[in-house]
Amino acid sequence: MLKRTPLLALMIGGVLAILIILIFENPARPFTVGQGVFLLFLCWFPGMGVAMLFDPYAQKAREEFLKINFYEEKK
Amino acid sequence: MQLGHVAVALAVSSYAPELTGGRIEAFSAEAIIVSFVAHWLPNLDVIPIWLKIAKDSFHCTWSHSLIFAAVVALILAPINVGWATLGLASLIIHFLADMPSSVGLPLLMPWKRRFTINLWADTGHSGWVAFKGTYMQAWTWLLEGGAFVFLFVRAYQKQVWPFV
């Protein structure tokens, strides 16, 4: 994995968290700071997915696993 | 999909009132139990494989087909219609969650054609290699992480923990 990937994930996750707050937050029930931090933590994971799309190591891992058939009979 | 199934099953339980015509409350213990059991049912096909009763190729066959979902719903319907509809929804969502895997699902069994969206490479049915391999790929992080974010939003909308 490239060193930049987790950092890129944090930035993408931050953007995603802001979008979710803008779209779903009810003004009568605003998110607390703790909930916002928890949301940022959760958004890091799909952010990591987006960042890994630009990481050659993740692509290589996929290609390697595609070569293996885990269900063929063992001789 | 691996850990993402937890978020997906919980998210399905949040739609229990809509899916059951109000018979079961969102995020209630009943909704969570039915969603989880139905959602995990297809993956129990690894048990006969572990017990060496079935071959590895048994995984993702009959248990991941629409006929299996229909049979489960038909068994549950006389007991509780709410359980049947929620269980059916959970099973179908499970199939959708597994379809991005390259191995594909034979949804129309006994017709053996497999359907796949092919976003990530299959890494086997169980074990550390399967788990680690899953999370070496981009789309699993994106979709499974997305499932947890979606669950967060549902919990907020339904005012359950951590939003009580």
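## Close-ups of a two-chain predicted model

Across all chains, the structure holds 2 salt bridges (a side-chain nitrogen of Lys or Arg within 4 Å of a carboxyl oxygen of Asp or Glu). This is a predicted model, where local features need pLDDT of at least 70, side-chain atom pairs count only at pLDDT 80 or more, and totals for chains, interfaces and linings use all residues. Residues are numbered from 1 along each chain as its sequence is written, chains are lettered from A and ligands from 1 in the order in which they are written, and side-chain values use heavy atoms, with hydrogens and water left out.

**View 1. The salt bridge between B:Glu18 and B:Lys158.** The closest N and O atoms of this pair sit 3.9 Å apart. B:Glu18 belongs to helix H2 of chain B and B:Lys158 to helix H8 of chain B, so the pair ties together parts that are 140 residues apart in sequence. Helices here are DSSP runs (H or I, at least four residues), numbered from the N terminus. B:Lys158 is partly exposed, at 30% relative accessible area; the scale runs from buried (under 20%) through partly exposed to exposed (over 50%), using a 1.4 Å probe and protein chains only.

**View 2. The salt bridge between A:Glu64 and A:Lys67.** Over in chain A, the closest N and O atoms of A:Glu64 and A:Lys67 are 3.2 Å apart. A:Glu64 counts as partly exposed, with 40% relative accessibility, while A:Lys67 counts as exposed, with 62%.

**View 3. Where chain B meets chain A.** Here 34 residues of chain B are in contact with 28 residues of chain A, contact being heavy atoms within 4.5 Å. The two chains bury about 2,800 Å² between them, 71% of it on carbon and sulfur atoms; that is the accessible area (1.4 Å probe) that two parts lose on being put together, summed over both. In chain B, the residues that lose the most area to chain A are B:Trp141, B:Phe152 and B:Tyr156, together 26% of what that side buries.

**View 4. The side of chain B that touches chain A.** Helix H7 (128–134) and helix H8 (138–158) of chain B each supply at least two residues to this side. H8(B) gives the most, with 12 residues. Sorted by class, this side of chain B has 18 nonpolar, 13 polar and 3 charged residues. In that sorting, Ala, Val, Leu, Ile, Met, Phe, Trp, Tyr, Cys and Pro are nonpolar, Asp, Glu, Lys and Arg are charged, and the others, Gly among them, are polar.

**View 5. The largest nonpolar core.** It has 15 residues, and those with the most contacts inside it are B:Met1, B:Val8, B:Ala16, B:Ile24, B:Ala31, B:Leu86 and B:Leu151. A nonpolar core is a set of buried Ala, Val, Leu, Ile, Met, Phe, Trp, Tyr and Cys residues joined through side-chain atoms within 4.5 Å. Helix H1 (4–14), helix H3 (29–40), helix H6 (81–98) and H8 of chain B each give two or more residues to this core, and H1(B) gives the most, with 4. Zoom in on B:Leu86: leaving aside neighbours within four places in sequence, its contacts include B:Val12, B:Leu19, B:Ile24 and B:Val34. A second, separate core of 12 residues includes A:Cys43, B:Val149, B:Val153 and B:Phe163.

**View 6. Helix H1 of chain B and its surroundings.** With 10 of its 11 residues buried, H1(B) is largely enclosed by the rest of the structure. Among the buried ones are B:His5, B:Val8, B:Leu10 and B:Ser14. The buried residues of H1(B) pack against helix H2 (16–20), H3, H6 and H8 of chain B.

**View 7. B:Thr134 and its polar contacts.** B:Thr134 sits in helix H7 of chain B and is buried, at 5% relative accessible area. Its side chain makes a polar contact of 3.1 Å with the side chain of B:Gln2 and another of 3.2 Å with the side chain of B:Thr123. Not counting residues up to four places away in sequence, B:Thr134 also touches B:Thr140 and B:Glu144.

How values were computed:
A polar contact is a pair of N or O atoms within 3.5 Å; within protein, one must be able to donate a hydrogen and the other to accept it, and residues adjacent in sequence count only if both atoms are side-chain atoms.
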